[in-house]
Amino acid sequence: MTPPAVSAAQSQPESPYAWTRLAAALALMTIGGAGMYGVTVALPPVQAEFGLSRSDASLPYTLTMVGFALGGILMGKLSDRFGVLVPVLIGGTALGLGFIAAGNAAGPWQFALTHGVLIGLFGSSATFVPLVADISLWFTRRRGLAVAICASGNYLAGTLWPPVLQHFFDEFGWRATYIGTGVFCWVSMLALSLLLRKRPPAVGTAAAQPAARSQSPLELSPNALTTLLTIAAVACCAGMAMPQVHIVAYCGDLGYGAARGAEMLSLIFGAGIISRVLWGWVSDHIGGLRTLLSGAVLQAVALALFLPVESLRSLYIASALFGLFQGGLVPAYAIIVREYLPPREAGTRVGVVLTATLFGMGLGGWLSGAIFDLSGSYHPAFVVGIGWSLVTASIAHWLLRRGWARERLAPAAP
């Protein structure tokens, strides 16, 4: 009778198995990120081989991100219904086949559609939303830290994959590297998926309840709260996109060159990895909504720092602070979903909200460019980014006030 008891103990939140599962999720997200960052490294050789314009050569990236965004909702629903193992198995297989098929593409449209469907929609998307939602079910006291560590896999992928792929592109060519990457992703992801076979304990608890809550503790319906979080997600990431998408061009306009801008972009992502872990620890102490409010206000402050400074040193400092301030925003949404919405719907609702962050990035990147075209300066775009951040802060503050009002009225309830 001892082995079943040990197994049951290992399946509880905060158990050693939960931390092992987190390590597997971090590795899976880092590997799955090859689909998003690989296509950016492949852009120059693919453009040269197929004789494309720069805009046409960028289409595979656009399709990959669209597929990644839409696939997050689909994979979240699959995770809610069948557990995270199913989307991870689909993702590993699709990502592997996608890289192999893209490496054998006969033309640009085949290459682009393979990225959009196999690599984006069914591949990389399975290694973001489902894993974040699943990890949120395996931790209670350290949920914020665990979700932040898991979500850091996306930044780790952006740090590790580009130089690795570029090395092999130089040595063996992009086609052979794509095929080899596909085999590696397929084998490694299927192996890591073996660690995800257990169902989360929170799902079992929720299933035993007679009915799901019609309202969250904030006295909002689940759909109403999800809608507000979706608006907040679009707004915060529209502001976040301003430096991340345009910092290289901004440095070029100031006369510092694209290389300096690339260094600042790398600094933003590097600081973001540290930031996500720190903000995860903070959210365990103050909750998801307070983390969202603090992060949105600090992001507005960081964007404001770009306005008066144009010296190289000041831009490096502003970039580092921006990375440190904004890193906790995206994981905060998963924490809020777990704190206020039914566990059995975590995958779907986390998928909807995190997909909104991707659309926010797309909107903010395009809008900042449009504002520059109209004004001839990035300063108005920074101001708009500050406004977007304050929209998110306002939503978080309003939700917090509802929670405070409910707590004040609670003692008077019968």
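Helix α8 (residues 129-136) is largely enclosed by the rest of the structure, because 8 of its 8 residues are buried, buried meaning under 20% relative accessible area, with exposed set at over 50% and partly exposed in between (1.4 Å probe, protein chains only). Helices are DSSP runs of H or I with at least four residues, and strands are runs of E with at least two, numbered from the N terminus. The model is a predicted one, in which local features need pLDDT of at least 70 and side-chain atom pairs count only at pLDDT 80 or more, while totals for chains, interfaces and linings use all residues. Residues are numbered from 1 along each chain as its sequence is written, and side-chain values use heavy atoms, with hydrogens and water left out.

The buried residues of α8 are V129, P130, L131, V132, A133, D134, I135 and S136, and they pack against α2 (16-32), α5, α6 (85-103), α9, α16 (329-340) and α17. L131 is also, together with Y178 and Y333, among the residues with the most contacts inside the largest nonpolar core, which has 102 residues; such a core is a set of buried Ala, Val, Leu, Ile, Met, Phe, Trp, Tyr and Cys residues joined through side-chain atoms within 4.5 Å. The element that gives the most to this core is helix α12 (residues 222-253), with 11 residues. For Y178, contacts (heavy atoms within 4.5 Å) beyond four places in sequence are made with G38, V39, A42, F99, I100, A102, G103, F111, H115 and F169.

Two further buried positions were examined. L196, in the loop between α10 (174-193) and α11 (201-207), is buried with a relative accessible area of 3% and, not counting residues up to four places away in sequence, touches Y17, R21, A24, L28, V84, L85, V88 and L131. Although L196 and P217 are 21 residues apart in sequence, their C-alpha atoms lie 31 Å apart in space. T291, in helix α14 (residues 288-305), counts as buried at 1% relative accessibility, and its contacts outside four places in sequence are W279, V282, S283, I286, G328 and A332.

The largest pocket holds about 1,400 Å³ of space, a volume being the space filled by probe spheres set on the points, which are joined across faces, edges and corners. Of the 38 residues that line this pocket, Y61, Q244, V245, F269 and M361 lie nearest its centre. Two or more lining residues come from each of α3 (34-50), α5 (59-82), α9 (143-172), α12, α13 (258-286) and α17 (346-375), with α17 giving the most, 8 residues. The lining of the largest pocket divides into 26 nonpolar, 11 polar and 1 charged residues, where Ala, Val, Leu, Ile, Met, Phe, Trp, Tyr, Cys and Pro count as nonpolar, Asp, Glu, Lys and Arg as charged, and the others, Gly among them, as polar.

The second largest cavity, of about 40 Å³, is lined by M29, G32, G33, M36, F68, S124, T127, F128 and N154.

Definitions and conventions. On a 1 Å grid over the protein atoms alone, a cavity is a set of points where a 1.4 Å probe fits but cannot get out, and a pocket is an open set with protein on both sides within 12 Å along at least five of seven lines; lining residues have an atom within 4 Å of a point.
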